[in-house]
Amino acid sequence: SGMPAGIEAAVHAMQQIYDDEATEGLLLVDASNAFNSLNRAVGLHNVQRLCPPLARTLINCYQAPARLFVAGGGELSSAEGTTQGDPLSMAFYALATLPLVDHLHDRHDTVKQGWYADDSGGAGRLKPLRHWWDDLAVAGQSYGYHANTSKTLLLVKQHLYDEATEIFRGTDIRIVTGGVQYLGACLAAQN
């Protein structure tokens with residue numbers, strides 16, 4: 001399922017976007033515990049709108065909390081997120097968060113986005129990128145997408161480091177000018 005060599009395509013696309021002279025920065029966002037934090041009610045609503053043929057199956061799987069049995073006879077109730085090992089969890093997550101991706105695209109059309117599962121990235125000029133980040137941090141909450149600033153990286157071109165530091169002041173986002181790891185591969189800065 002999905003795109004053959006999808007990760008490689010995502011990595012090459014982000015590198016190509018970053019290498020464009022008009023791109024000032026590439027923001028690679030880490031989401032905290034994204035698959036376990038997915039807002040199921042919002043997700044199921046989105047699936048009904050976006051993929052009705054899959055909706056009934058996902059509703060049957062996710063409308064009620066899952067009973068998780070632990071060693072020693074204990075039991076936990078899982079009411080949010082996807083179920084680990086569920087072959088439909090990736091499709092559910094993608095459909096559940098697609099309206100967030102669309103929202104960000106509609107409001108920040110100069111920022112080029114790349115999403116692969118719960119890894120998101122935005123690239124463009126620094127000020128619009130900061131607005132995109134602020135919107136993602138707020139809008140993502142209702143989907144269960146909680147951006148983790150301490151693991152989020154902003155790759156900028158060397159001559160823009162000071163400007164990026166000023167624009168992203170107060171976010172705790174680490175700003176770098178060298179290479180960064182993205183989806184298990186290296187994105188290299190072209191300084």
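A: Trp-132 touches Leu-27, Val-29, Leu-104, His-108, Val-111, Gln-113, Ser-120, Gly-121 and Gly-122, leaving aside residues up to four places away in sequence; a contact here means heavy atoms within 4.5 Å. The model is predicted, so local features need pLDDT of at least 70 and side-chain atom pairs count only at pLDDT 80 or more, whereas totals for chains, interfaces and linings use all residues. Residues are numbered from 1 along each chain as its sequence is written, and side-chain values use heavy atoms, with hydrogens and water left out.

Trp-132 also belongs to the largest nonpolar core, which has 35 residues; Trp-132 is among the members that touch the most others, together with Leu-27, Phe-92, Leu-126, Leu-136, Leu-154 and Phe-168. Such a core is a set of buried Ala, Val, Leu, Ile, Met, Phe, Trp, Tyr and Cys residues joined through side-chain atoms within 4.5 Å, and buried means under 20% relative accessible area, with a 1.4 Å probe and protein chains only. Elements giving two or more residues to this core include strand S1 (25-29), helix H5 (89-107) and helix H6 (126-139); helices (H or I, at least four residues) and strands (E, at least two) are DSSP runs, numbered from the N terminus. A second, separate core of 10 residues includes Ile-17, Tyr-18, Leu-155 and Val-180.

In the protein as a whole, there are seven helices and nine strands. Buried residues make up 43% of the 191 residues. Of the contacts with a separation of 6 or more, 67% join residues 24 or more positions apart.

Notes:
Buried < 20%, exposed > 50% of the residue type's maximum accessible area, 1.4 Å probe, protein only.
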